[in-house]
Amino acid sequence: MKIIALILFLIFIILPIKADNIKDGNDIIVEAFRVQSKIHAPIDEIYYLLKIPNLEIYKLRNDNGVKYFNSKKDFKVGFNDNIRCNKSNKENLKKKFSIIKKNLNVYKSTFLKLNNIKFIVLCENLFISEHNTGGVYDINKRTLILDINFNIKHFERMIHHEIFHMIQDSNKEIFDEIKWKSFNKKKFNYTECSACSDLKNLNLYDKTDGFITEYSKTVPSEDMAEIYSFMITDRNAIENIIKHDKILNNKVNFIKSSLYLIDNTFNF
Ligand SMILES: [Zn+2]
């Protein structure tokens, strides 16, 4: 009897660990909001966020002016309802909100204002078309929808990755992609689009060669967003890597000087 009890006890102990490992092992992400063909005109994007039903205020008063909303019910919005997300689980929301807030607090209100970042919508299992994604944003509505169920291993970095897209889209003339491409080796070519590429791994390369992750190789904007997210979340790692990687060194300097043009008080 004791042996049976012991076996049952071990099963209880082992099973959840296994499940967690499997979840953490999934390092891929598809950022399908970059599938531009699905959203035909800017006007579709401008209005989709207005239509999010059942949002509740989660936290309005924050030092840097960010306002957080939570979805009380599952919702579908966007062109042909192609963006969908589930309501948040209360416990999960509480846990993830502290992480999200800590990461958003890196930014001053002036910087957020310059980059059209104001409203954060929190929900679970965010999809655009058939692709699971960490975030969907609209700079015209100054809104970023975040999936609080995104792989915890990359969760904090994902937040800054999405924020970078908002920074870049708010300052397209500064982040010149032709200049960016010139940093790469001549024979290198990015893929057609990030969502249709097979390069999705978000793990930091052991040995970088101009790229920080596999996902960086998809398109210039993802390359920039990946580097930026490490600059914010793992500064030491980046500083060490660029000592031995000239291409990445140029890319990091390009991002730094571009951000300085947007806000010369922005502090890395
Ligand atoms: Zn991205």
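Modeller: Helices (H or I, at least four residues) and strands (E, at least two) are DSSP runs, numbered from the N terminus. This is a predicted model, in which local features need pLDDT of at least 70 and side-chain atom pairs count only at pLDDT 80 or more, while totals for chains, interfaces and linings use all residues. Residues are numbered from 1 along each chain as its sequence is written.

Colleague: How many residues does helix 3 have, and what does it reach from its first C-alpha to its last?

Modeller: The expected span of a helix is 1.5 Å times one less than its number of residues. Helix 3 (residues 90-104) has 15 residues and reaches 20 Å, close to the expected 21 Å.

Colleague: Which residues of helix 3 are buried?

Modeller: A residue is buried if 20 or more other C-beta atoms lie within 10 Å of its own, exposed if 12 or fewer, and partly exposed in between, with C-beta atoms placed from the backbone. An α-helix has 3.6 residues a turn, so residues three or four places apart point the same way. In helix 3 the buried residues are K96, I100 and L104. They pack against strand 5 (119-128), strand 8 (143-147) and helix 5 (155-170).

Colleague: At what angle do the axes of helix 3 and helix 5 cross?

Modeller: Axes are lines fitted to C-alpha atoms, for helices over the stretch in contact, and angles run from 0 to 180 degrees between N-to-C directions. The axes of helix 3 and helix 5 cross at roughly 45° and come within 10 Å. The two helices are therefore oblique to each other; angles under 35 degrees count as roughly parallel, over 145 as roughly antiparallel, 65 to 115 as roughly perpendicular and the rest as oblique. Two residues are in contact if their C-beta atoms, placed from the backbone, lie within 7 Å. I99, I100 and N103 in helix 3 meet F155, E156, I159 and H160 in helix 5.

Colleague: What is the phi of N125, and where is its place?

Modeller: Most residues other than glycine have a negative phi, and most peptide bonds are trans. N125, in strand 5, has a positive phi near 60°. R142, in the loop between strand 7 (135-138) and strand 8, has a positive phi of about 55° and is not a glycine either.
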